Amino acid sequence: MSIVDRPNHAPAIGNVSSSFESRLDAGSAFPLASVRADAGWIGPDFVSVASVVGSAHLHRGRTGQDTYDFYQSGAGDLAVAVADGLGSHPATSQIGALLAARQLCRRLIETASHEADLADAATGAVAQASADVCNLASTYYELDAARVPCTAAFCWLRQSKPSQVVIGRIGDADGFVVMKCPGTDDHGPLQPCFDVGMGTARKGPANVVKSWLPYPGASPNLELWSAPLSTVHYLALTTDGVSSDLSGSPGIRRWLEHRWRRPCSASWMLQSLRYRRQGSLDDRTAAVIWVNPSSRDVAVDDDSMLPHP
Amino acid sequence: MAEFADYETFPTFPVYILTDVSASLGAAIEEINAVLPELKRMLVSDPIAGEMARVGIMTFSASARVVLPLSDLQDVEMPILSTGSSTNFTAAFRLWRTQLPADIEALGRGATFYRPVGFFISDGRHNGREHWADELELLTDPTWRYRPEIVAFGFGAADPDALARIATRHAFMATDDSTVEQLREIMSTLISSVQTVTSSLGRGEDPQSMVEVDHRHFRPIPVQEV
């Protein structure tokens, strides 16, 4: 029996099957929720984030492996991370993703107040987070580092002067940004912070990941992007299940740009990820952070606007 | 830096069947012809494989040819194979090495593809003039972005040592009494393997998810590091 769900306005692109079934992974020692979402103000910024298990995982009765986390310091700095367990370890890599997302956020915030050079600070924080994942996985889950690999993307918004945002990634998670147009209320298009050519003819196959957390010894291939906080309208962190859709489908890109045009509720964000695209069957996680938005209105599920109280 | 596609592209899992059609197959080739429509039915009915798998079929005897370019099987009729003459692995690998990049690039700029998987099937030994090792080395060069994973199946008078060198992950010799039965089991395993491979969405090293065989009908061959 196929899944029957409420109708929505999300696009269906290509030849999408109607035969997917929904099976829960009741045998996993470490199952993740099939659906998870959060949205709300964190200081002056609005964060909306959702994670949805992939159709392939659900059809085969396997737990998803995506997750996210966020953390704020007393000084108002904000860190958000998304992480994706590698499919090579379907039973345990989601633990690595959970730990990595949490520890990246915590270490970035702890490091932020002490370092002047944000790139150095981010690099150090990632190294500490990687060590944390090894230690925590071993101590609390009796898993060695090789069984908890994951990719991750994070952002770190530093409010103290000079206020800056740093976006980083390890592996094939991604960061995107919409920049303000100086001197106007307008903004530019969604654009990638990093090379989005992974999994394409130019870069090679998608299922060959060259960098992940945790890593023993030397640093991973950590990519960083930064900009003054005042120049950013919003930024988005995605696992590869969403970033490949953003890069490979103009229709999905238009849909998500439309859905993310203003701060939105958790259910709105979940609905945003309900699009269908032929072959797009992996877990989907997206975290969108609107930087000090000028409007306090938040889009909700029924497309009406709810004034901020 | 941007690599956004200008038109719709779709994540694709390329699967190739590279099969011996030399004269020695004889009437056994009808086993392949009988199973190809079954492969199509499976892919059309499986939602994951149906959305992601694209299948290409190449045959080799004295020369090699593409009988089905990488295709969505929903949209094509399966070819009917016929036997040729001798057995030329070199021609097979050379054709595959030229076909792969053409197929991948035809998916479109920005299209996501997973590492191609090929199922190599042979009942005999290479007897072409050029040795096949150099061509295989180019095909499986670790630095070549299109390099495929190869699962090798042998039956009849196939050379296990050659299969061990050709395969990158798994190699098997069929063990049933007749070549017809052996080939039937190979094709049945191929169908289930295509389904397993395309649904794995695996990343990194995950050899266990590649192929599952019934060990009553197959003898695993240890794969050699080249």
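**Entry 1. Terms and model**

A polar contact is a pair of N or O atoms within 3.5 Å; within protein, one atom must be able to donate a hydrogen and the other to accept it, and residues adjacent in sequence count only if both atoms are side-chain atoms. I noted that this is a predicted model, in which local features need pLDDT of at least 70 and side-chain atom pairs count only at pLDDT 80 or more, while totals for chains, interfaces and linings use all residues. Residues are numbered from 1 along each chain as its sequence is written, chains are lettered from A and ligands numbered from 1 in the order in which they are written, and side-chain values use heavy atoms, with hydrogens and water left out.

**Entry 2. A:Arg284**

I began with A:Arg284, which is found in strand β13 of chain A; strands (E, at least two residues) and helices (H or I, at least four) are DSSP runs, numbered from the N terminus.

The backbone oxygen of A:Leu273 lies 2.7 Å from a polar atom of the A:Arg284 side chain. The backbone oxygen of A:Tyr275 is likewise reached by the side chain of A:Arg284, at 2.7 Å. Leaving aside neighbours within four places in sequence, I listed the residues in contact with A:Arg284 (heavy atoms within 4.5 Å). Among them are A:Ala50, A:Asp66, A:Thr239, A:Val242 and A:Arg277.

A:Arg284 also forms a salt bridge with A:Asp245, at 3.9 Å from N to O; a salt bridge is a side-chain nitrogen of Lys or Arg within 4 Å of a carboxyl oxygen of Asp or Glu. A:Arg284 lies in strand β13 (residues 284-290) and A:Asp245 in helix α4 (residues 240-248) of chain A, so the pair ties together parts that are 39 residues apart in sequence. Both partners are buried.

**Entry 3. Helix α4 of chain A**

I followed A:Asp245 into its helix. Nine of the nine residues of α4(A) are buried, so this helix is largely enclosed by the rest of the structure. The buried residues include A:Gly241, A:Val242, A:Asp245 and A:Leu246. Which elements cover them? The cover includes β5 (78-85), β8 (174-179), β11 (232-238), α5 (250-259), β12 (276-277) and β13 of chain A.

**Entry 4. Chain A as a whole**

I recorded six helices and 15 strands for chain A. Of its 309 residues, 56% count as buried. Among contacts in chain A between residues at least 6 apart in sequence, 72% join residues at least 24 apart.

**Entry 5. Salt bridges in chain B**

Over all chains, the structure holds 19 salt bridges. In one of them, B:Glu38 pairs with B:Arg41, and the closest N and O atoms are 2.4 Å apart. Both lie in helix α1 (residues 29-45) of chain B, three residues apart, about one turn of the helix. An α-helix has 3.6 residues a turn, so residues three or four places apart point the same way. B:Glu38 is partly exposed, with a relative accessible area of 38%.

B:Arg125 forms a salt bridge with B:Asp159, with 3.7 Å between the closest N and O atoms. B:Arg125 lies in the loop between β4 (117-122) and α4 (133-139) of chain B and B:Asp159 in the loop between β5 (149-154) and α5 (160-166), so the pair ties together parts that are 34 residues apart in sequence. B:Asp159 is buried, at 19% relative accessible area. I also found that salt bridges with shared partners join B:Arg94, B:Arg97, B:Glu130 and B:Glu135 into one network.

**Entry 6. Where the chains meet**

I looked up how many residues each chain gives to the contact. Chain B gives 37 residues and chain A gives 54. Two salt bridges were counted between the chains. B:Asp46 and A:Arg60 meet through their side chains in a salt bridge of 3.0 Å, N to O. On the side of chain B that touches chain A, α2 (47-52), α3 (89-106) and α6 (179-200) each supply at least two residues. Helix α2(B) gives the most to that side, with four residues.

How values were computed. Buried means under 20% relative accessible area, exposed over 50%, partly exposed in between (1.4 Å probe, protein chains only).
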